[in-house]
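Visitor: Could you walk me through this one? I have a few quick things to ask.
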Amino acid sequence: MPSSAPLSPLAPAAEHLAQVWARINRACRDTGRAEADVELVCVSKNFDAAAIEPVLEAGQRIFGENRIQEAREKWVGLRRKFPDIELHLIGRLQSNKAADAVALFDVIETVDRPKIAEAIAQAIGKSGKSPRLLIQVNTGAEPQKAGIAPADLAALLAYCRQTAGLRIEGLMCIPPVDQLVSPHFALLRRLATDFGLSRLSMGMSDDFELAIQLGATQVRVGSAIFGSRRGVEKQPMSI
Ligand SMILES: *Cc1c(COP(=O)(O)O)cnc(C)c1O
């Protein structure tokens, strides 16, 4: 066998994926957490099916999208080829899209008001499909951002559990871009502990190791895997 034959190069996104996984596993080791405790949600918004396929080929199965229409266009086809994927909705949900979201997504991370909880409960009742659910918390109390205010979380949880009959697994947050993220991660963790919730979705490309240190059970990483969305972004990424 010719020893000079080059190894087939990985697609850049697959290579970046391996690097992100290595960093996740190191952050787990460094902070005494089991590697199996932390999931990577690979955020594929703004990238098309051709860009996503190498990451699927490399074994990644959990993905996040922030728009229902875009997700459907890409993932209905990709799912035929990779039926075991797990798709997370990480963008704002409108109540008139709840049925579409329940049909398409395995996890909805952005429950943030009673109206949405009610719409999801109805869609679950009609479809029999039952995505796992997280509540998005607006830890920075930003007026333009989705998420329930920390002070209103207790009431929303009670509504979800008692009125809508929904099981909530955990919390998700997107800290303000112009602030230190650690107080936001710590707040989300404290709220989850207070309310007996086991899943914490926090940490993105710039801060996922810190999020793991502060208790994240799932990190949402896009640009560190796919590269910058600048130029492919269709609208501002703040939601
Ligand atoms: C875009 C997005 C991400 C990924 O952000 P990166 O900085 O590219 O890793 C994570 N979470 C949400 C909710 C997003 O909209």
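Visitor: Where is Glu-86 found?
Guide: Glu-86 is found in strand 3, residues 86-89, where strands are DSSP runs of E of at least two residues and helices are runs of H or I of at least four, both numbered from the N terminus. This is a predicted model, in which local features need pLDDT of at least 70 and side-chain atom pairs count only at pLDDT 80 or more, while totals for chains, interfaces and linings use all residues. Residues are numbered from 1 along each chain as its sequence is written, and side-chain values use heavy atoms, with hydrogens and water left out.
Visitor: Is Glu-86 buried or exposed?
Guide: Glu-86 counts as buried, at 17% relative accessibility; buried means under 20% relative accessible area, exposed over 50%, and partly exposed in between, with a 1.4 Å probe and protein chains only.
Visitor: And what does Glu-86 touch?
Guide: Leaving aside residues up to four places away in sequence, Glu-86 touches Glu-39, Arg-61, Ile-62, Phe-63, Asp-106, Val-107 and Arg-132, a contact being heavy atoms within 4.5 Å.
Visitor: Switching to rings, how many aromatic pairs does a search of the whole structure find?
Guide: The search finds 2 aromatic pairs, counting rings of Phe, Tyr and Trp (its six-membered ring) whose centres lie within 6.5 Å, with planes under 30 degrees apart called stacked, over 60 edge-to-face and the rest tilted. The rings of Phe-47 and Phe-226 have their centres 5.1 Å apart and their planes at 20°, so this pair is stacked. Phe-47 lies in the loop between strand 1 (39-43) and helix 2 (49-57), whereas Phe-226 belongs to helix 9 (residues 223-226), so that the pair links parts of the chain 179 residues apart. Both Phe-47 and Phe-226 are buried.
Visitor: What about Phe-63 and Trp-75?
Guide: Phe-63 and Trp-75 form a tilted pair, 4.7 Å centre to centre and with 45° between the planes. Phe-63 sits in strand 2 (residues 62-65) and Trp-75 in helix 3 (residues 68-81), 12 residues apart. Phe-63 is buried, with a relative accessible area of 0%, and Trp-75 is buried with a relative accessible area of 0%.
Visitor: Stepping back, how many helices and strands does the chain have?
Guide: The chain has 9 helices and 8 strands.
Visitor: How much of the chain counts as buried?
Guide: Of its 239 residues, 49% count as buried. Among contacts between residues at least 6 apart in sequence, 60% join residues at least 24 apart.
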